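Subject: Handing over the structure, with notes

Dear colleague,

I am passing this structure on to you, together with some notes on what I found when I went through it. Please look at the sequence and the structure first, and then read on.

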There are 2 protein chains.
Amino acid sequence: MPHVLDNLRVVLVATRNPLNLGAAARAMSNFGFAHLRVVNPYELAFREARSAVGASEILASAKEYESVADAVADCALVVGTTAVRHRELLHPVRRLEIGARFMRKELTSARVALLFGSERVGLSNRELSHCHWLIRIPTAEQNISMNLGQAVAVCLYELARARHKTDEPDKLRRATSAELERLTQMLLDALILSGYVSPTAAAPGEERLRRMVRRLGLLPADAETLLGMMRQIVWKLRADGALE
Amino acid sequence: MPHVLDNLRVVLVATRNPLNLGAAARAMSNFGFAHLRVVNPYELAFREARSAVGASEILASAKEYESVADAVADCALVVGTTAVRHRELLHPVRRLEIGARFMRKELTSARVALLFGSERVGLSNRELSHCHWLIRIPTAEQNISMNLGQAVAVCLYELARARHKTDEPDKLRRATSAELERLTQMLLDALILSGYVSPTAAAPGEERLRRMVRRLGLLPADAETLLGMMRQIVWKLRADGALE
């Protein structure tokens, strides 16, 4: 089912090392994935990787974005990668094998983004807030930090591994990131208007909210319904506020 | 079972690139393997890899051999790696996942060697002749040639993977029905107060709402957070309404 692999978007965020960009593209080619997206790569690294001898078609056709939000806007499921176990507090974290199973199911019907952070710091909390959940590669406690190119290879191997198995298609398409972001912003408006979130401290609240909205696994119709509800509530809060 | 992983000998034959030696050692460390053996490495590459910043203990304690025969002499099972399918004629070739299962069984009682050939030509037929059988990583037909460091990472991931139960249940507990019902009622209040739902037609709206809230698959903490948000919004709508 090549069309299934075709639904994956590998998203490299703020990658510094051209060798890692090349290695990621090579692993994608090895395991049958074609669509690479880069967010704010170090310009020089990106140009160097693209012009390297043997640079792949995948690198040549890689798309560049200025934010994670833009890079995942058309994806119904956004999965981040992390080595750090204490981030489990903010996001659900699944072991690669389990997470890959969920991703494969989603890939049968929708676009899925798999995010990898920079070599130094991984994905920031702000970047992670665009993710529905995270996967971690089960590593030895003594050394949990993998090389970026190797981490990409292992994740794509696991995603491609069970192609032969007949995965039940998940008939329930999920809302896209763009739809979820509209809901997040409308909910944030309601929370600010109601005094739940103070406008000055909105940024951290916004990230928490974004993460939570991603965890809901909303169907498109439900996302739309909730958006309509929140729009009405916001309208009412504004109308009442204007009376004061 | 750390002693099991301890029985593996990763054997790199005629490796040319110091970065690949370092990458192999790093993957070993990531997945809990300690014993690296090198056969006829390019001298300069080996010295460079060993003296690299952050070079691991694994590289420092790597043992050097002049022939594959010497490097695998104490191993009860010797497994080669190959990308090339027509070598299947000379040796049995197993898909990584299957081969790893056999290897793990053997590792419980004996030393097992896993061989990787040089970047240019892989393992020669002479080197392969020391192997009991071969494994290949299932790659896309269009590009079967993997980067050495990535191939090592994928193989070791697969070997270490099944230490965990493969059908481990998804551990994320969901909110209870009682928690969901409190949220449903609070949301309904907000919808009535904002005029989204008319009080007289609340019953069918309530059922739709209840079904939707159940579809969210909420974690307990998220259910509580959402309840707190809706409570504040309801309070504000009531307070504003009282002003009219």
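Leaving aside its neighbours within four places in sequence, which residues is A:Asn20 in contact with? They are A:Thr15, A:Glu119, A:Asn147, A:Leu148 and A:Gly149, where contact means heavy atoms within 4.5 Å.

Before going further, please bear in mind that this is a predicted model, in which local features need pLDDT of at least 70 and side-chain atom pairs count only at pLDDT 80 or more, while totals for chains, interfaces and linings use all residues. Residues are numbered from 1 along each chain as its sequence is written, chains are lettered from A and ligands numbered from 1 in the order in which they are written, and side-chain values use heavy atoms, with hydrogens and water left out.

Chain A as a whole

Chain A holds eleven helices and seven strands (DSSP runs numbered from the N terminus, helices being H or I with at least four residues and strands E with at least two). Its radius of gyration is 19 Å, close to the 18 Å that the globule rule gives for 244 residues, so chain A is as compact as a globular protein of that length; the radius is taken over C-alpha atoms, and the rule is 2.2 Å times the number of residues to the power 0.38. Along the principal axes, the C-alpha trace of chain A spans about 65 × 40 × 35 Å.

Of the 244 residues in chain A, 58% are buried (buried means under 20% relative accessible area, exposed over 50%, and partly exposed in between, with a 1.4 Å probe and protein chains only). Among the contacts in chain A between residues at least 6 apart in sequence, 87% join residues at least 24 apart.

Particular residues in chain A

A:Asn20, with which I began, belongs to helix H2 (residues 18-31), and its relative accessible area of 8% makes it buried. A:Ala14 sits in the loop between strand E1 (8-13) and H2, and has a positive phi of about 55 degrees although it is not a glycine.

A:Arg104, in helix H6 (residues 96-107), is buried, with a relative accessible area of 8%.

Where the chains meet

The contact between the chains takes 62 residues from chain A and 61 residues from chain B. The area buried between them is about 5,200 Å², of which carbon and sulfur atoms give 59%; buried area here is the accessible area (1.4 Å probe) that two parts lose on being put together, summed over both. On the side of chain B, B:Asn30, B:Gln150 and B:Tyr157 supply 13% of the area that this chain buries against chain A, more than any other three residues.

Two loops in chain B

B:Asn40 lies in the loop between strand E2 (35-39) and helix H3 (43-51), where its phi is near 45 degrees, a positive value in a residue other than glycine; at 45% relative accessibility, B:Asn40 counts as partly exposed.

B:Thr200 is found in the loop between helix H9 (177-193) and helix H10 (202-215), and counts as exposed at 78% relative accessibility. From C-alpha to C-alpha, B:Thr200 and B:Leu183 are 21 Å apart in space, and they are 17 residues apart in sequence.
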